[in-house]
Amino acid sequence: SHPTVYEPLTEQGAISLAVRLGLFPEGTPLACREIGDGNLNLVFRVVDQQTKKGIIVKQALPYAKVVGESWPLTLKRAVIESNALRTFASYVPQYVPKVYYSDESLAITVMEDLSHLQIARKGLIEGKTYPLLSQHIGEFIAKTSFYTSDFGMNQQEKKQLAQSFVNPELCKITEDLVFTDPFFNHETNNFEDELRDDVEALWNDDKLRLEVAKLKRKFLTEGDALIHGDLHTGSIFASDEETKIIDPEFAFYGPFGFDIGQFFANLLLNALSRPEQQQEPLFAHIDKTWDVFATIFSDLWRTHNVEPYAKTEGLLEDVLHHTFIDAIGFAGCEVIRRTIGLAHVADLDGIEDKEERLQAKRYALRLGRSLILQRETLSSTKEIRSLFAQTV
Ligand code: ADP
Ligand code: MG
Ligand code: MG
Ligand code: MG
């Protein structure tokens with residue numbers, strides 16, 4: 001019997017689904033394991049025991065389990081995720097898993113198994129550098145954001161597309177956890193007692209609060225393009241040759257600079273966890289991401305623009321300038337929230353020596369603050385190195 005009303009899948013249920021969809025030849029000996037991290041979603045890997053070829057079944061749960069509590073969370077995010085993967089695939093199929101099937105009522109996405117790759121955060125923590133990572137991420141963001149914007153697609157159709165990605169509950173998570181709670185004495189925050197003085201200084205910093213409020217307003221109001229919305233290094237599978245972006249359940253029409261900023265921040269959080277002589281490849285990734293993004297975006301702007309004002313002297317430069325400043329500011333918010341907010345990163349939490357870990361987190365708070373306050377004074381990503389050096 002095939003459920004059509006929502007219920008959480010079991011491992012056996014995931015196997016049945018794969019068979020019913022004809023994803024394996026009849027009679028294939030299949031095994032299945034749930035491999036998700038268990039916060040928001042179930043992720044099953046169904047694998048042919050002989051060839052070891054697999055598929056992935058991701059299912060949204062109707063709640064989010066966080067620190068022992070749970071809050072209800074819309075299943076519609078599964079539709080957002082599968083539709084975002086399909087939309088991205090129409091521009092950059094090389095950078096997303098193929099979607100084989102999706103079912104709205106079961107909140108399921110069946111997709112390509114990427115187990116031959118590694119989650120970039122894990123590899124970066126092991127000291128890997130992934131030489132093509134920034135080339136690929138820069139191209140992914142440039143193409144998906146240009147082509148889904150009012151410059152790259154029919155502006156009436158864009159409004160329809162934006163409507164299909166209205167994602168209030170997932171956006172609220174970002175509004176709260178990235179832009180609000182870490183800057184107030186809020187119960188969702190999570191940090192070591194030893195950091196309390198540094199954190200309280202942040203909470204009492206009126207200059208900082210105003211700039212974060214401006215950045216939050218941008219996130220709330222600016223619908224430039226279809227963005228991924230959760231583009232940290234845990235949403236990226238990588239190898240030396242390949243890059244694949246997963247987990248776009250937070251996708252919505254948001255500001256151009258947001259994904260770039262989140263990606264920058266997670267590279268910087270990794271840099272903070274490394275010895276100084278191993279940090280340069282991360283700064284180089286930041287430079288390259290921006291350079292590739294700006295180059296491809298500018299090229300598409302000149303060759304594929306649908307907006308009559310496109311050729312107006314100075315408009316492209318204005319868009320890039322503000323995207324850059326916003327990205328740096330968003331990066332600062334992300335660095336801070338990953339240090340003292342609800343959801344941490346293994347890059348920092350995994351530093352074994354307690355004093356080193358606390359020191360890295362203090363640096364992270366200072367770096368985040370500098371990125372936010374000095375974002376309008378940076379003229380290129382290269383200057384992030386000196387900002388970083390002043391902080392640590
Ligand atoms: P969540 O939204 O719960 O964070 P993710 O989509 O990030 O879920 O997936 C959680 C984990 O499941 C990933 O870190 C990865 O280990 C595994 N996973 C997800 N998608 C795939 C895939 N297409 N191929 C292989 N493993 C995957
Ligand atoms: Mg996860
Ligand atoms: Mg997710
Ligand atoms: Mg994830």
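How far does a polar side-chain atom of lysine 58 lie from an oxygen atom of ligand 1? I looked this up before anything else, bearing in mind that the model is predicted. The distance comes out at 2.8 Å.

Next I went through the other polar contacts. For leucine 114 I found a backbone N or O atom 2.8 Å from a nitrogen atom of ligand 1. For glutamate 249 I got 2.7 Å, from a polar side-chain atom to an oxygen atom of the ligand.

Then the shell. I have 16 residues surrounding ligand 1, and Asn41, Lys58, Leu114, Asp247 and Glu249 are the closest. Sorted by class, the shell holds eight nonpolar, six charged and two polar residues.

I also wanted to know where the ligand sits. The space it takes is the largest pocket. Strand 2 (41-48), strand 3 (54-60) and strand 7 (108-112) are the elements that each give two or more residues to the shell.

Last entry: why does ligand 1 lie between domain 1 (11-112) and domain 2 (118-391)? I put it there because both domains give residues to the shell around the ligand.

Conventions: Residues are numbered from 1 along each chain as its sequence is written. Chains are lettered from A and ligands numbered from 1 in the order in which they are written. This is a predicted model: local features need pLDDT of at least 70, side-chain atom pairs count only at pLDDT 80 or more; totals for chains, interfaces and linings use all residues. Side-chain values use heavy atoms; hydrogens and water are left out. A residue is near a molecule or strand if one of its heavy atoms lies within 4 Å of it. A polar contact is a pair of N or O atoms within 3.5 Å; within protein, one must be able to donate a hydrogen and the other to accept it, and residues adjacent in sequence count only if both atoms are side-chain atoms. On a 1 Å grid over the protein atoms alone, a cavity is a set of points where a 1.4 Å probe fits but cannot get out, and a pocket is an open set with protein on both sides within 12 Å along at least five of seven lines; lining residues have an atom within 4 Å of a point. A molecule sits in a cavity or pocket if more than half of its atoms lie within 2 Å of its grid points. Helices (H or I, at least four residues) and strands (E, at least two) are DSSP runs, numbered from the N terminus. Ala, Val, Leu, Ile, Met, Phe, Trp, Tyr, Cys and Pro count as nonpolar, Asp, Glu, Lys and Arg as charged, and the others, Gly among them, as polar. Domain bounds come from an automatic or database domain assignment.
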